[in-house]
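Here's a quick briefing to read with the model open beside you.

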Amino acid sequence: MKPMTGKTVLITGGTGGIGKAAAVGLASMGARVGITGRDRARAEQAASTIARESGNPGVDVFVADMSSQSEVRRLSGEVLAAYPRLDVLLNNVGGFWAHRHLTADGLEHTFALNHLAPFLLTNLLLERLITSAPARVITVSSGAHSMGRIDFDDLMGEQDYSGQHAYNQSKLANVMFTYELASHLEGTGVTSTALHPGMTNTSFSNEDPSRRMAPIVFVVRPFMKSPKTGADTAIYLASSSAVEGVSGRYFVNRKTKESEESSYHTATTARLWRVSADLVGVPADMTPIRANGSS
Ligand SMILES: NC(=O)c1ccc[n+]([C@@H]2O[C@H](COP(=O)([O-])OP(=O)(O)OC[C@H]3O[C@@H](n4cnc5c(N)ncnc54)[C@H](OP(=O)(O)O)[C@@H]3O)[C@@H](O)[C@H]2O)c1
């Protein structure tokens, strides 16, 4: 029997890059894998590639633009209807944009997609994760989080926007979210970890019309990991018995690593949780939310 047989895994952003490679790895271990993407044809094409490469036909497609909160809510409803149990949620979607632009909800796009989307989706799926325990929530952050600062006075970059600051802030928010979630989930059997995948050769930042990252990527591409190698730590955190029960930790290359000092400030992580809950309209007290939005 394969190690993930009988387990169900949801991977946000599984149509390419690290998410798709993680989907191949976990499907190869026998998991039923759900991937999300914005475009149905692209997602179905990715799902058939994942099924072929893994030899596992159990790959499902969910379509949603996760920058939109109503789409995240619809997505969670579809996932809850499709999956009576959910063993792993891999929050992977993320991106970089040099120029400030707003989502359908009027929020700054980087913060909304990289932080608020996984925050909301996790909250909406929490009850299902808890009833499936032992279960795991894994959030793909970045080493860039160490240069991040949560600017509570200007979270949306209205006064001063830099793409790099917005990205770093969102990735620090991923780590803080992971730690705060872990403390709230103590005793439930659901763990919460974050990771840095390493610089990985994907489509990352290609959507940014300024192509601000392109010259850097051009220089470092020969040193970048393949998507398969970049997905290794995510696959490890999703599947390995070595990390069973391990929660509230940040990983790089399968090893725990200290994250940026400010990520451990519990007053700040709790404040970020409250502000995020307010921005997405869920209760801040961590009562698991049901699909219809009631607590
Ligand atoms: N690559 C690196 O060097 C690196 C380094 C550190 C951290 N990371 C982190 O790793 C994660 C994955 O990055 P990647 O390099 O694999 O990126 P990628 O190749 O650009 O893949 C991004 C994935 O997210 C999906 N996506 C993008 N915008 C979306 C939206 N609005 N709604 C729903 N899905 C959306 C894309 O699907 P569709 O386009 O089909 O919708 C795609 O499946 C990110 O969180 C990133 O911050 C990457």
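Helix α5 (residues 163–184) and helix α9 (residues 266–280) have axes that come within 9 Å and cross at roughly 95 degrees. Axes here are lines fitted to C-alpha atoms, for helices over the stretch in contact, and angles run from 0 to 180 degrees between N-to-C directions. That makes α5 and α9 roughly perpendicular to each other, a label used for 65 to 115 degrees (under 35 is roughly parallel, over 145 roughly antiparallel, the rest oblique). On the α5 side the contact (heavy atoms within 4.5 Å) uses Ala173, Met176, Phe177, Glu180 and Leu181, and α9 brings Thr266, Thr268, Thr269, Ala270, Leu272 and Trp273.

**Ground rules**
- This is a predicted model, with local features needing pLDDT of at least 70, side-chain atom pairs counting only at pLDDT 80 or more, and totals for chains, interfaces and linings using all residues. Numbering starts from 1 along each chain as its sequence is written, and side-chain values use heavy atoms, leaving out hydrogens and water.
- Helices (H or I, at least four residues) and strands (E, at least two) are DSSP runs, numbered from the N terminus.

**Confidence**
- The chain averages a pLDDT of 95, and 97% of the residues score at least 70; pLDDT is the predictor's confidence in each residue, from 0 to 100.
- Residues 290–295 fall below 50, and this stretch has 9 contacts in the model beyond near neighbours in sequence.

**Overall build**
- The protein chain has 9 helices and 8 strands.
- Its radius of gyration is 17 Å, close to the 19 Å that the globule rule gives for 295 residues, so the chain is as compact as a globular protein of that length. The radius is taken over C-alpha atoms, and the rule is 2.2 Å times the number of residues to the power 0.38.
- Along the principal axes, the C-alpha atoms fill a box of roughly 55 × 45 × 35 Å.

**The sheet and its helices**
- The 8 strands of an open sheet run in the order β3-β2-β1-β4-β5-β6-β7-β8, with mixed pairing; two strands pair if DSSP finds at least two bridges between them.
- At the edges sit β3 (59–63) and β8 (255–256), each pairing on one side only.
- Helix α2 (residues 40–54) packs on the sheet, touching β2 (32–37) and β3, and its direction makes about 165 degrees with that of β3.
- Strands β5 (residues 135–140) and β6 (residues 190–196) pair in the parallel sense over 6 bridges, and threonine 139 stands opposite alanine 194 in β6.
- Helix α4 (residues 109–131) lies across β1 (8–11), β4 (88–91), β5 and β6, at about 175 degrees to β4.

**Loops worth a click**
- Alanine 133 and proline 134 are joined by a cis peptide bond, with omega about 5 degrees; proline 134 is in the loop between α4 and β5.
- Arginine 211, in the loop between β6 and α6 (214–220), has a positive phi near 55 degrees despite not being glycine.
- Lysine 225 is in the loop between α6 and α7 (227–230). Its C-alpha is 6.1 Å from that of methionine 199, 26 residues away in sequence.
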